[in-house]
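Hi,

Here is the model I promised to pass on. Have a look at it first, and my notes come after.

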Amino acid sequence: MSCSKGKHEEFGRDLAKAFKSKKYKDFDTTAYNEVFKAEYKRIKPNLHDPIWISKIYKEEDKGLTLLGDFLVNGELDTLHQYFLNAKFHGLNPDYFHADKITALLRDVKTKKFKKVEDSYPLLAQLELYSADGLINYAGILKYGAVNPKTVLSRYYVDVKRPQIIEAQQALEQLDLGKFLRDIQPKNGYYQRLMNLLINDVKADADKKLTADEKLKIYLSLERLRWPVKEYKGKYLLVNIPEFQLRLIENNTTDFMMKVCVGEAGGHETPILSGTIDRMQVNPVWNIPKSIATTEILSSLRKDPYYLEAKNMVAYKDGELVNSPDVDWNNVDISQYSFKQNPGADNSLGQIKFIFPNHYAIYLHDTPAKAAFNQERRDVSHGCVRVEKPMELASFLLNDKAKTDRIIKETQAAARGEQVDARWVMAKNPIPVFISYYTAWTNDDGSLVASKDVYGYDKLLLPKFKPYMASI
(Lines give C-alpha, C1' and ligand atoms only; values in the text may rest on other atoms or scores of the structure.)
Protein backbone atom coordinates (compact mmCIF):
# COMPACT_ATOMS: atom_id res chain seq x y z
CA MET A 1 0.00 0.00 0.00
CA SER A 2 1.48 3.34 -0.97
CA CYS A 3 2.02 6.05 1.56
CA SER A 4 -0.58 8.64 0.61
CA LYS A 5 -0.51 12.33 1.48
CA GLY A 6 -3.19 11.75 4.07
CA LYS A 7 -1.08 9.11 5.71
CA HIS A 8 1.87 11.50 5.71
CA GLU A 9 -0.19 13.88 7.81
CA GLU A 10 -0.76 11.10 10.34
CA PHE A 11 2.89 10.11 10.29
CA GLY A 12 3.93 12.39 13.15
CA ARG A 13 1.10 11.21 15.40
CA ASP A 14 2.02 7.59 14.66
CA LEU A 15 5.67 8.26 15.57
CA ALA A 16 4.73 10.08 18.75
CA LYS A 17 2.59 7.17 19.88
CA ALA A 18 5.03 4.44 18.85
CA PHE A 19 8.18 6.03 20.23
CA LYS A 20 6.70 8.09 23.07
CA SER A 21 8.09 11.39 21.82
CA LYS A 22 5.51 14.20 21.86
CA LYS A 23 7.46 16.46 19.52
CA TYR A 24 6.68 14.14 16.63
CA LYS A 25 3.07 15.33 16.79
CA ASP A 26 4.25 18.60 15.22
CA PHE A 27 5.63 16.83 12.15
CA ASP A 28 5.23 18.96 9.00
CA THR A 29 5.46 17.09 5.69
CA THR A 30 6.26 20.14 3.58
CA ALA A 31 9.10 21.26 5.83
CA TYR A 32 10.40 17.70 6.03
CA ASN A 33 10.50 17.35 2.23
CA GLU A 34 12.71 20.42 1.95
CA VAL A 35 15.14 18.91 4.45
CA PHE A 36 14.91 15.59 2.61
CA LYS A 37 16.05 17.20 -0.66
CA ALA A 38 18.95 18.87 1.10
CA GLU A 39 20.00 15.63 2.80
CA TYR A 40 19.88 13.78 -0.50
CA LYS A 41 22.32 16.25 -2.04
CA ARG A 42 24.57 16.03 1.02
CA ILE A 43 24.81 12.25 1.30
CA LYS A 44 24.53 11.45 -2.42
CA PRO A 45 28.27 10.56 -2.62
CA ASN A 46 27.67 7.85 0.02
CA LEU A 47 24.89 6.16 -1.98
CA HIS A 48 25.67 3.24 -4.28
CA ASP A 49 22.77 3.87 -6.65
CA PRO A 50 22.13 7.65 -6.60
CA ILE A 51 20.65 7.71 -10.10
CA TRP A 52 17.93 5.25 -9.23
CA ILE A 53 17.38 6.90 -5.85
CA SER A 54 16.87 10.18 -7.68
CA LYS A 55 14.41 8.48 -9.99
CA ILE A 56 12.38 7.13 -7.06
CA TYR A 57 12.31 10.35 -5.10
CA LYS A 58 11.92 12.92 -7.86
CA GLU A 59 8.32 13.65 -6.82
CA GLU A 60 7.71 16.04 -3.94
CA ASP A 61 5.84 13.65 -1.63
CA LYS A 62 8.13 10.62 -1.89
CA GLY A 63 10.40 11.41 1.07
CA LEU A 64 8.51 8.98 3.31
CA THR A 65 8.19 6.13 0.80
CA LEU A 66 9.67 3.51 3.15
CA LEU A 67 9.29 5.24 6.51
CA GLY A 68 5.62 6.00 5.97
CA ASP A 69 4.70 2.35 5.61
CA PHE A 70 7.41 0.40 7.41
CA LEU A 71 8.92 2.37 10.30
CA VAL A 72 6.14 2.17 12.87
CA ASN A 73 5.05 -1.39 12.04
CA GLY A 74 8.58 -2.74 12.53
CA GLU A 75 9.25 -3.88 8.97
CA LEU A 76 12.10 -1.40 8.64
CA ASP A 77 13.70 -3.19 11.59
CA THR A 78 13.21 -6.43 9.66
CA LEU A 79 14.98 -4.90 6.66
CA HIS A 80 17.80 -3.77 8.95
CA GLN A 81 18.14 -7.31 10.32
CA TYR A 82 18.41 -8.71 6.80
CA PHE A 83 21.23 -6.24 6.18
CA LEU A 84 23.00 -7.34 9.37
CA ASN A 85 22.63 -10.99 8.35
CA ALA A 86 24.17 -10.26 4.95
CA LYS A 87 27.43 -11.62 6.44
CA PHE A 88 25.92 -15.10 6.10
CA HIS A 89 25.71 -14.45 2.35
CA GLY A 90 29.41 -13.58 2.45
CA LEU A 91 28.49 -9.89 2.13
CA ASN A 92 29.54 -6.93 4.24
CA PRO A 93 26.49 -5.54 6.12
CA ASP A 94 28.01 -2.08 6.01
CA TYR A 95 27.83 -2.09 2.21
CA PHE A 96 24.06 -1.83 2.77
CA HIS A 97 24.60 0.97 5.32
CA ALA A 98 23.73 -1.33 8.22
CA ASP A 99 25.96 0.57 10.64
CA LYS A 100 24.37 3.93 9.75
CA ILE A 101 20.85 2.47 9.91
CA THR A 102 21.58 0.99 13.34
CA ALA A 103 22.42 4.42 14.74
CA LEU A 104 19.58 6.19 12.92
CA LEU A 105 16.94 3.72 14.10
CA ARG A 106 18.19 4.10 17.66
CA ASP A 107 18.05 7.90 17.52
CA VAL A 108 14.68 8.08 15.79
CA LYS A 109 13.14 5.74 18.37
CA THR A 110 14.78 6.95 21.58
CA LYS A 111 16.08 10.50 21.19
CA LYS A 112 14.04 13.24 22.86
CA PHE A 113 14.10 16.06 20.34
CA LYS A 114 13.80 19.65 21.57
CA LYS A 115 11.86 20.46 18.41
CA VAL A 116 10.47 18.23 15.69
CA GLU A 117 12.65 19.87 13.03
CA ASP A 118 15.69 18.26 14.66
CA SER A 119 14.34 14.84 13.64
CA TYR A 120 13.98 15.68 9.93
CA PRO A 121 17.62 15.11 8.89
CA LEU A 122 17.72 11.78 10.73
CA LEU A 123 14.47 10.60 9.19
CA ALA A 124 15.62 11.67 5.72
CA GLN A 125 18.92 9.80 6.12
CA LEU A 126 17.09 6.72 7.39
CA GLU A 127 14.81 6.78 4.33
CA LEU A 128 17.66 7.25 1.87
CA TYR A 129 20.10 4.75 3.35
CA SER A 130 17.34 2.15 3.75
CA ALA A 131 16.20 2.60 0.15
CA ASP A 132 19.75 2.49 -1.25
CA GLY A 133 20.54 -0.55 0.88
CA LEU A 134 17.37 -2.34 -0.22
CA ILE A 135 17.95 -1.69 -3.94
CA ASN A 136 21.50 -3.00 -3.77
CA TYR A 137 20.70 -5.91 -1.44
CA ALA A 138 17.94 -7.11 -3.77
CA GLY A 139 20.09 -6.72 -6.87
CA ILE A 140 23.07 -8.55 -5.40
CA LEU A 141 21.04 -11.48 -4.08
CA LYS A 142 19.31 -11.84 -7.43
CA TYR A 143 22.23 -11.33 -9.82
CA GLY A 144 25.44 -11.22 -7.77
CA ALA A 145 27.62 -8.29 -6.80
CA VAL A 146 30.05 -8.75 -9.70
CA ASN A 147 29.22 -9.18 -13.38
CA PRO A 148 30.97 -12.47 -14.25
CA LYS A 149 31.68 -11.25 -17.78
CA THR A 150 34.10 -8.71 -16.26
CA VAL A 151 36.01 -11.51 -14.51
CA LEU A 152 36.05 -14.51 -16.84
CA SER A 153 36.58 -14.48 -20.59
CA ARG A 154 35.36 -18.10 -20.79
CA TYR A 155 32.04 -17.50 -18.99
CA TYR A 156 29.56 -18.61 -21.62
CA VAL A 157 26.28 -17.95 -19.84
CA ASP A 158 23.97 -15.08 -20.80
CA VAL A 159 24.12 -12.24 -18.28
CA LYS A 160 21.13 -9.99 -17.80
CA ARG A 161 21.09 -7.64 -14.83
CA PRO A 162 17.82 -5.68 -14.79
CA GLN A 163 16.96 -3.49 -11.84
CA ILE A 164 15.01 -6.02 -9.79
CA ILE A 165 12.87 -3.60 -7.82
CA GLU A 166 12.01 -1.62 -10.94
CA ALA A 167 11.27 -4.84 -12.82
CA GLN A 168 8.92 -6.15 -10.14
CA GLN A 169 7.35 -3.13 -8.49
CA ALA A 170 8.17 0.30 -7.13
CA LEU A 171 9.33 0.69 -3.52
CA GLU A 172 6.04 2.24 -2.51
CA GLN A 173 4.14 -0.84 -3.69
CA LEU A 174 6.27 -3.41 -1.90
CA ASP A 175 5.04 -5.90 0.61
CA LEU A 176 8.45 -5.50 2.20
CA GLY A 177 8.52 -8.61 4.38
CA LYS A 178 7.32 -10.88 1.58
CA PHE A 179 9.70 -9.26 -0.91
CA LEU A 180 12.69 -9.88 1.36
CA ARG A 181 11.72 -13.50 1.89
CA ASP A 182 11.15 -14.07 -1.82
CA ILE A 183 14.55 -12.76 -2.94
CA GLN A 184 16.50 -15.09 -0.65
CA PRO A 185 18.32 -17.65 -2.85
CA LYS A 186 16.41 -20.93 -2.91
CA ASN A 187 19.23 -23.16 -4.13
CA GLY A 188 19.80 -25.92 -1.58
CA TYR A 189 23.59 -25.81 -1.97
CA TYR A 190 23.60 -22.07 -1.45
CA GLN A 191 21.63 -22.56 1.77
CA ARG A 192 24.03 -25.27 2.95
CA LEU A 193 27.01 -22.96 2.45
CA MET A 194 25.13 -20.25 4.37
CA ASN A 195 24.50 -22.72 7.19
CA LEU A 196 28.21 -23.39 7.44
CA LEU A 197 28.73 -19.66 8.06
CA ILE A 198 25.82 -19.47 10.52
CA ASN A 199 26.99 -22.53 12.49
CA ASP A 200 30.54 -21.21 12.53
CA VAL A 201 29.52 -18.34 14.80
CA LYS A 202 28.92 -20.70 17.75
CA ALA A 203 31.40 -23.41 16.80
CA ASP A 204 34.21 -24.37 19.19
CA ALA A 205 37.57 -22.85 18.36
CA ASP A 206 38.98 -26.12 16.99
CA LYS A 207 35.97 -26.61 14.73
CA LYS A 208 35.74 -23.14 13.26
CA LEU A 209 36.19 -22.56 9.56
CA THR A 210 39.64 -21.43 8.52
CA ALA A 211 40.07 -18.07 6.80
CA ASP A 212 40.76 -19.88 3.51
CA GLU A 213 37.59 -21.98 3.85
CA LYS A 214 35.47 -18.91 4.60
CA LEU A 215 36.91 -17.10 1.59
CA LYS A 216 36.10 -20.05 -0.69
CA ILE A 217 32.55 -20.11 0.69
CA TYR A 218 32.13 -16.36 0.12
CA LEU A 219 33.27 -16.64 -3.48
CA SER A 220 31.15 -19.74 -4.17
CA LEU A 221 28.08 -17.98 -2.77
CA GLU A 222 28.77 -15.10 -5.13
CA ARG A 223 29.04 -17.49 -8.09
CA LEU A 224 25.80 -19.20 -7.07
CA ARG A 225 24.11 -15.82 -7.28
CA TRP A 226 25.23 -15.33 -10.86
CA PRO A 227 22.52 -15.66 -13.51
CA VAL A 228 22.52 -19.34 -14.41
CA LYS A 229 19.45 -21.47 -14.91
CA GLU A 230 18.07 -22.48 -11.55
CA TYR A 231 19.63 -25.58 -10.01
CA LYS A 232 16.47 -27.51 -9.26
CA GLY A 233 14.89 -30.88 -9.93
CA LYS A 234 17.30 -33.33 -11.57
CA TYR A 235 20.49 -32.19 -13.28
CA LEU A 236 24.15 -32.97 -13.86
CA LEU A 237 26.77 -30.71 -12.30
CA VAL A 238 30.40 -30.74 -13.36
CA ASN A 239 32.33 -28.83 -10.71
CA ILE A 240 35.67 -28.03 -12.34
CA PRO A 241 37.88 -27.47 -9.24
CA GLU A 242 36.45 -30.57 -7.56
CA PHE A 243 37.06 -32.72 -10.69
CA GLN A 244 33.69 -34.38 -10.09
CA LEU A 245 30.43 -34.91 -11.93
CA ARG A 246 27.33 -35.28 -9.80
CA LEU A 247 23.82 -36.35 -10.72
CA ILE A 248 21.75 -34.24 -8.37
CA GLU A 249 18.05 -34.54 -7.67
CA ASN A 250 16.37 -32.22 -5.18
CA ASN A 251 19.73 -31.23 -3.67
CA THR A 252 20.77 -34.85 -3.14
CA THR A 253 23.59 -36.57 -5.02
CA ASP A 254 22.27 -39.76 -6.63
CA PHE A 255 25.69 -40.71 -8.01
CA MET A 256 29.00 -39.06 -8.72
CA MET A 257 32.12 -39.84 -10.69
CA LYS A 258 35.54 -38.38 -11.34
CA VAL A 259 36.11 -36.20 -14.36
CA CYS A 260 39.10 -34.75 -16.17
CA VAL A 261 38.75 -31.17 -17.36
CA GLY A 262 40.62 -28.73 -19.56
CA GLU A 263 44.22 -28.01 -18.77
CA ALA A 264 45.00 -24.74 -17.00
CA GLY A 265 47.04 -22.33 -19.04
CA GLY A 266 45.13 -22.21 -22.30
CA HIS A 267 42.72 -25.16 -22.53
CA GLU A 268 40.40 -24.34 -19.62
CA THR A 269 36.96 -25.94 -19.74
CA PRO A 270 34.50 -23.05 -20.11
CA ILE A 271 31.62 -22.35 -17.78
CA LEU A 272 28.39 -23.06 -19.61
CA SER A 273 25.16 -25.02 -19.45
CA GLY A 274 22.84 -26.96 -21.73
CA THR A 275 20.80 -30.15 -21.97
CA ILE A 276 22.29 -33.55 -22.81
CA ASP A 277 19.88 -35.00 -25.34
CA ARG A 278 21.93 -37.58 -27.29
CA MET A 279 25.08 -39.66 -27.30
CA GLN A 280 27.31 -41.19 -29.96
CA VAL A 281 28.42 -44.77 -29.47
CA ASN A 282 31.88 -45.63 -30.86
CA PRO A 283 32.27 -42.00 -31.93
CA VAL A 284 34.32 -40.47 -34.71
CA TRP A 285 36.60 -37.71 -33.47
CA ASN A 286 36.69 -34.71 -35.76
CA ILE A 287 40.04 -33.36 -34.73
CA PRO A 288 39.97 -29.58 -34.11
CA LYS A 289 42.13 -27.36 -36.30
CA SER A 290 44.00 -26.13 -33.23
CA ILE A 291 45.18 -29.66 -32.46
CA ALA A 292 45.83 -30.52 -36.11
CA THR A 293 48.12 -27.53 -36.66
CA THR A 294 50.23 -28.29 -33.60
CA GLU A 295 50.21 -31.82 -32.26
CA ILE A 296 49.12 -33.78 -35.37
CA LEU A 297 51.40 -31.94 -37.80
CA SER A 298 54.37 -32.21 -35.45
CA SER A 299 53.83 -35.96 -35.09
CA LEU A 300 53.45 -36.45 -38.86
CA ARG A 301 56.72 -34.67 -39.55
CA LYS A 302 58.43 -37.15 -37.27
CA ASP A 303 56.53 -40.20 -38.54
CA PRO A 304 54.44 -40.18 -41.77
CA TYR A 305 52.72 -43.37 -40.54
CA TYR A 306 51.51 -41.67 -37.35
CA LEU A 307 47.87 -41.50 -38.53
CA GLU A 308 47.69 -45.23 -39.25
CA ALA A 309 49.14 -46.02 -35.84
CA LYS A 310 46.49 -43.83 -34.16
CA ASN A 311 43.51 -45.05 -36.24
CA MET A 312 43.29 -41.62 -37.87
CA VAL A 313 42.69 -40.47 -41.44
CA ALA A 314 43.37 -37.24 -43.32
CA TYR A 315 41.26 -35.47 -45.96
CA LYS A 316 42.09 -32.74 -48.46
CA ASP A 317 39.23 -31.00 -50.23
CA GLY A 318 36.95 -33.73 -48.92
CA GLU A 319 39.03 -36.52 -50.45
CA LEU A 320 40.83 -39.19 -48.39
CA VAL A 321 44.62 -38.93 -48.74
CA ASN A 322 47.38 -41.47 -48.15
CA SER A 323 49.40 -39.97 -45.34
CA PRO A 324 52.85 -41.38 -46.27
CA ASP A 325 52.53 -39.85 -49.74
CA VAL A 326 52.24 -36.31 -48.35
CA ASP A 327 55.28 -34.14 -47.68
CA TRP A 328 54.16 -32.94 -44.24
CA ASN A 329 57.17 -30.64 -43.95
CA ASN A 330 55.90 -28.51 -46.84
CA VAL A 331 52.10 -28.36 -46.70
CA ASP A 332 49.43 -25.78 -46.00
CA ILE A 333 47.89 -27.61 -43.05
CA SER A 334 44.75 -25.47 -43.26
CA GLN A 335 43.80 -27.43 -46.41
CA TYR A 336 43.62 -30.69 -44.46
CA SER A 337 41.12 -32.12 -41.99
CA PHE A 338 41.64 -35.10 -39.72
CA LYS A 339 39.43 -37.68 -38.10
CA GLN A 340 39.98 -40.55 -35.71
CA ASN A 341 37.86 -43.59 -36.50
CA PRO A 342 35.86 -45.54 -33.90
CA GLY A 343 37.78 -47.94 -31.74
CA ALA A 344 39.11 -48.59 -28.28
CA ASP A 345 41.99 -46.14 -28.82
CA ASN A 346 39.77 -43.27 -29.98
CA SER A 347 40.54 -40.15 -27.93
CA LEU A 348 36.83 -39.79 -27.16
CA GLY A 349 36.71 -43.33 -25.86
CA GLN A 350 33.68 -45.35 -26.84
CA ILE A 351 30.88 -42.91 -26.13
CA LYS A 352 30.39 -39.15 -26.08
CA PHE A 353 27.51 -37.14 -24.66
CA ILE A 354 26.28 -34.08 -26.52
CA PHE A 355 24.57 -30.96 -25.27
CA PRO A 356 24.08 -28.25 -27.91
CA ASN A 357 26.46 -25.29 -27.47
CA HIS A 358 28.52 -23.04 -29.69
CA TYR A 359 31.88 -24.11 -28.27
CA ALA A 360 32.18 -27.81 -29.26
CA ILE A 361 32.29 -28.80 -25.59
CA TYR A 362 30.87 -32.18 -24.57
CA LEU A 363 31.33 -35.03 -22.10
CA HIS A 364 33.05 -38.19 -23.27
CA ASP A 365 34.78 -41.44 -22.41
CA THR A 366 38.56 -41.73 -22.74
CA PRO A 367 41.13 -44.49 -23.23
CA ALA A 368 43.48 -42.60 -20.89
CA LYS A 369 42.03 -44.07 -17.70
CA ALA A 370 45.18 -43.55 -15.63
CA ALA A 371 44.45 -39.81 -15.39
CA PHE A 372 41.49 -40.55 -13.10
CA ASN A 373 43.96 -41.76 -10.45
CA GLN A 374 45.59 -38.34 -10.32
CA GLU A 375 44.59 -35.84 -7.64
CA ARG A 376 44.76 -32.97 -10.12
CA ARG A 377 42.90 -33.81 -13.32
CA ASP A 378 43.08 -30.77 -15.58
CA VAL A 379 44.53 -32.64 -18.55
CA SER A 380 42.16 -32.28 -21.52
CA HIS A 381 41.89 -29.78 -24.37
CA GLY A 382 38.66 -28.43 -22.89
CA CYS A 383 36.05 -31.18 -23.04
CA VAL A 384 35.10 -33.18 -19.96
CA ARG A 385 36.25 -36.80 -19.68
CA VAL A 386 34.00 -38.96 -17.49
CA GLU A 387 35.17 -41.88 -15.40
CA LYS A 388 32.05 -44.06 -15.75
CA PRO A 389 30.52 -43.44 -19.18
CA MET A 390 28.37 -46.57 -19.21
CA GLU A 391 26.78 -45.64 -15.91
CA LEU A 392 25.93 -42.22 -17.33
CA ALA A 393 24.60 -43.76 -20.57
CA SER A 394 22.45 -46.23 -18.64
CA PHE A 395 20.88 -43.40 -16.68
CA LEU A 396 20.19 -41.33 -19.78
CA LEU A 397 18.65 -44.24 -21.66
CA ASN A 398 16.72 -45.79 -18.79
CA ASP A 399 16.29 -48.84 -21.03
CA LYS A 400 18.14 -52.09 -20.30
CA ALA A 401 17.90 -53.47 -23.86
CA LYS A 402 19.39 -50.31 -25.36
CA THR A 403 22.10 -50.20 -22.72
CA ASP A 404 23.00 -53.86 -23.35
CA ARG A 405 23.28 -53.17 -27.08
CA ILE A 406 25.72 -50.31 -26.43
CA ILE A 407 27.80 -52.55 -24.19
CA LYS A 408 28.02 -55.22 -26.91
CA GLU A 409 28.98 -52.68 -29.58
CA THR A 410 31.69 -51.09 -27.45
CA GLN A 411 33.06 -54.49 -26.45
CA ALA A 412 33.28 -55.43 -30.13
CA ALA A 413 35.21 -52.25 -30.88
CA ALA A 414 37.53 -52.96 -27.97
CA ARG A 415 38.34 -56.34 -29.57
CA GLY A 416 39.34 -54.55 -32.77
CA GLU A 417 36.24 -55.46 -34.77
CA GLN A 418 34.99 -53.05 -37.42
CA VAL A 419 32.19 -50.91 -35.96
CA ASP A 420 30.26 -47.88 -37.10
CA ALA A 421 29.52 -44.77 -35.09
CA ARG A 422 25.87 -44.62 -34.05
CA TRP A 423 23.73 -41.87 -32.56
CA VAL A 424 21.38 -42.70 -29.69
CA MET A 425 18.82 -40.25 -28.32
CA ALA A 426 18.52 -39.91 -24.56
CA LYS A 427 15.19 -41.01 -23.15
CA ASN A 428 15.66 -38.55 -20.31
CA PRO A 429 17.31 -35.35 -21.62
CA ILE A 430 18.82 -33.66 -18.61
CA PRO A 431 20.26 -30.23 -17.85
CA VAL A 432 24.01 -30.11 -17.39
CA PHE A 433 25.92 -27.29 -15.73
CA ILE A 434 29.68 -26.90 -16.05
CA SER A 435 30.56 -24.68 -13.12
CA TYR A 436 33.39 -23.49 -10.91
CA TYR A 437 33.00 -23.67 -7.12
CA THR A 438 36.00 -24.04 -4.83
CA ALA A 439 33.54 -24.56 -1.97
CA TRP A 440 30.72 -27.10 -2.25
CA THR A 441 28.94 -29.42 0.18
CA ASN A 442 28.26 -33.11 0.56
CA ASP A 443 24.73 -34.28 1.20
CA ASP A 444 25.33 -34.11 4.95
CA GLY A 445 26.17 -30.43 4.64
CA SER A 446 29.90 -30.87 5.25
CA LEU A 447 32.27 -28.64 3.34
CA VAL A 448 34.11 -29.79 0.22
CA ALA A 449 36.94 -27.31 -0.38
CA SER A 450 38.94 -27.52 -3.61
CA LYS A 451 42.06 -25.88 -4.98
CA ASP A 452 41.68 -22.86 -7.22
CA VAL A 453 42.92 -24.85 -10.22
CA TYR A 454 42.27 -22.12 -12.82
CA GLY A 455 43.02 -19.18 -10.52
CA TYR A 456 39.45 -17.91 -10.90
CA ASP A 457 39.14 -17.14 -7.18
CA LYS A 458 42.17 -14.88 -7.49
CA LEU A 459 40.54 -13.11 -10.43
CA LEU A 460 37.21 -12.66 -8.66
CA LEU A 461 38.53 -11.58 -5.25
CA PRO A 462 39.67 -8.02 -6.14
CA LYS A 463 36.32 -7.23 -7.77
CA PHE A 464 34.27 -8.84 -5.00
CA LYS A 465 36.27 -7.47 -2.07
CA PRO A 466 34.34 -4.14 -1.79
CA TYR A 467 31.19 -6.17 -1.06
CA MET A 468 32.73 -8.98 0.97
CA ALA A 469 32.18 -9.77 4.63
CA SER A 470 35.17 -9.87 6.96
CA ILE A 471 37.01 -13.16 7.19
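Below is what turned up, going from the pocket to the rings, the strands and a few single residues.

First, the ground rules. This is a predicted model, so to speak of local features I need pLDDT of at least 70, and side-chain atom pairs count only at pLDDT 80 or more, while totals for chains, interfaces and linings use all residues. Residues are numbered from 1 along each chain as its sequence is written, and side-chain values use heavy atoms, with hydrogens and water left out.

**The pocket**

The largest pocket has a volume of about 890 Å³. A pocket here is an open set of points on a 1 Å grid over the protein atoms alone, where a 1.4 Å probe fits and there is protein on both sides within 12 Å along at least five of seven lines; lining residues have an atom within 4 Å of a point. Grid points are joined across faces, edges and corners, and the volume is the space filled by probe spheres set on the points.

There are 37 lining residues, and W285, P288, I291, Y362 and H381 are the closest to the centre. Strand 5 (285-286), helix 12 (289-302) and strand 9 (351-354) each give two or more residues to the lining, and helix 12 gives the most, with four. Helices (H or I, at least four residues) and strands (E, at least two) are DSSP runs, numbered from the N terminus. By type, the lining splits into 19 nonpolar, 12 polar and six charged residues.

The rule is NZ of Lys or CZ of Arg within 6 Å of the ring centre and within 35 degrees of the ring normal. R192 does likewise over the face of Y189, at 4.8 Å from the ring centre.

**Ring pairs**

The count comes to 23 aromatic pairs. Rings of Phe, Tyr and Trp (its six-membered ring) pair if their centres lie within 6.5 Å; planes under 30 degrees apart are stacked, over 60 edge-to-face, and the rest tilted.

One of them is F11 with F27, edge-to-face at 5.1 Å centre to centre and 70 degrees between the planes. F11 lies in helix 1 (residues 5-19) and F27 in the loop between helix 1 and helix 2 (29-43), so this pair ties together parts 16 residues apart in sequence. F11 is buried at 3% relative accessibility, and F27 is buried at 11%. Buried means under 20% relative accessible area, exposed over 50%, and partly exposed in between (1.4 Å probe, protein chains only).

Y32 and Y120 are edge-to-face too, with centres 5.9 Å apart and planes at 80 degrees. Y32 belongs to helix 2 and Y120 to helix 7 (residues 120-143), so here the tie is between parts 88 residues apart in sequence. Both tyrosines, Y32 and Y120, are buried. There is also an aromatic cluster made of Y82, F83, Y95, F96, Y137, F464 and Y467.

**Strands**

Strand 1 (residues 234-239) has five of its six residues buried. Strand 1 runs antiparallel to strand 2 (residues 244-249), joined by six bridges, with L236 opposite L247. (Two strands pair if DSSP finds at least two bridges between them.) On strand 13 (residues 422-435), strand 1 has a parallel partner through four bridges, and N239 bridges to S435 there.

Elsewhere, four strands make an open antiparallel sheet in the order 5-8-6-7. Strand 5 and strand 7 (319-321) are at the edges with a single partner strand each, so one side of each has no neighbour in the sheet.

F243 is buried, at 6%. N251, in the loop between strand 2 and strand 3 (252-262), has a positive phi near 65 degrees and is partly exposed at 24%.

Over to you!

Conventions. Ala, Val, Leu, Ile, Met, Phe, Trp, Tyr, Cys and Pro count as nonpolar, Asp, Glu, Lys and Arg as charged, and the others, Gly among them, as polar.
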